[in-house]
Amino acid sequence: MLCRNRTGNQEYNFLVSRSYFLFIGRLKDFLPPDQREQSLRVDFHGRQTIKHLAEALGVPHPEIGYVQVNGQEGTLSTISQDGDQVQVYPVQNGCPIEPHFLLDNHLGRLAAYLRMLGFDCLYRNDYSDEALAAILQREERILLSRDRRLLMRKVVTHGYCPRSLDSLEQLAEVIERFELHQQIMPFHRCLRCNHPLEAAPKEAVLDQLEPLTKLYFDEFQICPNCRQIYWKGSHYERMQRLVEQITAAKPGT
Ligand SMILES: [Zn+2]
């Protein structure tokens, strides 16, 4: 397609290409509801990759798995041609790397839940986007964020956008998306600082316990990093029920 544009006395010709994108399955969550069941047209200039065009339509690249261009297998780095019909499939469930996570500032409760299930989660409520990107550059981690622009950054190789606003539903989504059911190790990690816990003899923590805790509990764990003490009190029982719910929700069981 040829378009004309006049700037001052000079006239430029811009060759505009046009591709059509059909997003499949959970990738539709990123589209406005009235556009989920149709091919979306995208107009562009010059050489553009499938990744760039998919993201221009609102779908972050870490969510994308298989790509088909005019019925043939393509990749995110395929250069789109005028008239291309592109089908974009979500990345398959599973965890391509060790399940080490990095969570953005808004996912503090999800971070606590994932730690409770034993997963390594870097989280602070004051990480800037630059700080998050710097961590991803030096460590292989899965970024969890509801900020699509953050997920679209080049430095993000593995990432997921939790769809729900509810932190328990987010937890279930992450467990399913990365197929983590078999790797749940509850009560092995400090909820406050992410460090693995160690068993602590009662006499070693006695002076830090409330009288009733001293009386009723004998098993303790301590975080060697922040010195937080854990025991199987009412909080533990609530968490235990949650773990059972999550484990019971495993697909196919
Ligand atoms: Zn700690």
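In sequence, the residues that donate to the zinc ion follow the spacing C-x2-C-x29-C-x2-C. The model is a predicted one, in which local features need pLDDT of at least 70, side-chain atom pairs count only at pLDDT 80 or more, and totals for chains, interfaces and linings use all residues. Residues are numbered from 1 along each chain as its sequence is written, and side-chain values use heavy atoms, with hydrogens and water left out.

**Zinc site**

- The protein donors are the SG atoms of Cys190, Cys193, Cys223 and Cys226, lying 2.3 Å from the zinc ion; donors are N, O and S atoms within 2.8 Å of the metal (3.2 Å for Na, K and Ca), and sites may look incomplete because water is not among the atoms.
- The site is tetrahedral, with angles of 97 to 122° among its 4 donor atoms; for four donors, this term requires all angles to lie between 85 and 135 degrees.
- For four tetrahedral donors, the ideal angle at a metal is 109.5 degrees.
- Cys190, in the loop between H5 and S11, and Cys226, in the loop between S12 and S13, are 36 residues apart and link distant parts of the chain; helices (H or I, at least four residues) and strands (E, at least two) are DSSP runs, numbered from the N terminus.
- Cys190 is buried at 0% relative accessibility, whereas Cys193 is partly exposed at 25% and Cys226 is partly exposed at 23%; buried means under 20% relative accessible area, exposed over 50%, and partly exposed in between (1.4 Å probe, protein chains only).

**Cysteines and disulfides**

- The whole structure contains 0 disulfides, a disulfide being a pair of cysteine sulfur atoms within 2.5 Å.
- For Cys121, the closest cysteine sulfur is that of Cys95, 11 Å away and too far for a bond.
- Cys121 is buried, with a relative accessible area of 0%.

**Aromatic pairs**

- The count comes to 7 aromatic pairs; rings of Phe, Tyr and Trp (its six-membered ring) pair if their centres lie within 6.5 Å, and planes under 30 degrees apart count as stacked, over 60 as edge-to-face and the rest as tilted.
- Tyr160 and Phe178 form an edge-to-face pair, because their ring planes stand at 85°, with the centres 6.2 Å apart.
- Tyr160 belongs to strand S10 (residues 159–160) and Phe178 to the loop between helix H5 (167–177) and strand S11 (198–200), so this pair ties together parts 18 residues apart in sequence.
- Tyr160 is buried at 4% relative accessibility, and Phe178 is buried at 1%.
- Phe220 and Trp231 form a tilted pair, 6.2 Å centre to centre with 55° between the planes.
- This pair ties together parts 11 residues apart in sequence, because Phe220 lies in strand S12 (residues 220–222) and Trp231 in strand S13 (residues 229–231).
- Phe220 is buried at 4% relative accessible area, while Trp231 is partly exposed at 33%.
- Phe101, Phe119, Tyr160 and Phe178 are linked into a cluster by ring pairs.
- The charged end of Arg177 sits over the ring of Phe178, 4.3 Å from its centre; this term requires NZ of Lys or CZ of Arg within 6 Å of the ring centre and within 35 degrees of the ring normal.

**Sheet**

- Four strands form an open sheet in the order S8-S7-S9-S10, with parallel pairing; two strands pair if DSSP finds at least two bridges between them.
- Strand S8 (120–122) and S10 stand at the edges with a single partner strand each, so one side of each has no neighbour in the sheet.
- Strand S7 (residues 100–103) runs parallel to strand S9 (residues 142–144) and is joined to it by 3 bridges.
- Leu103 has Leu144 in S9 as its bridge partner.

Conventions: Four donors count as tetrahedral if all angles lie between 85 and 135 degrees; four count as square planar and six as octahedral if opposite donors are over 155 degrees apart and all others between 65 and 115; anything else is irregular.
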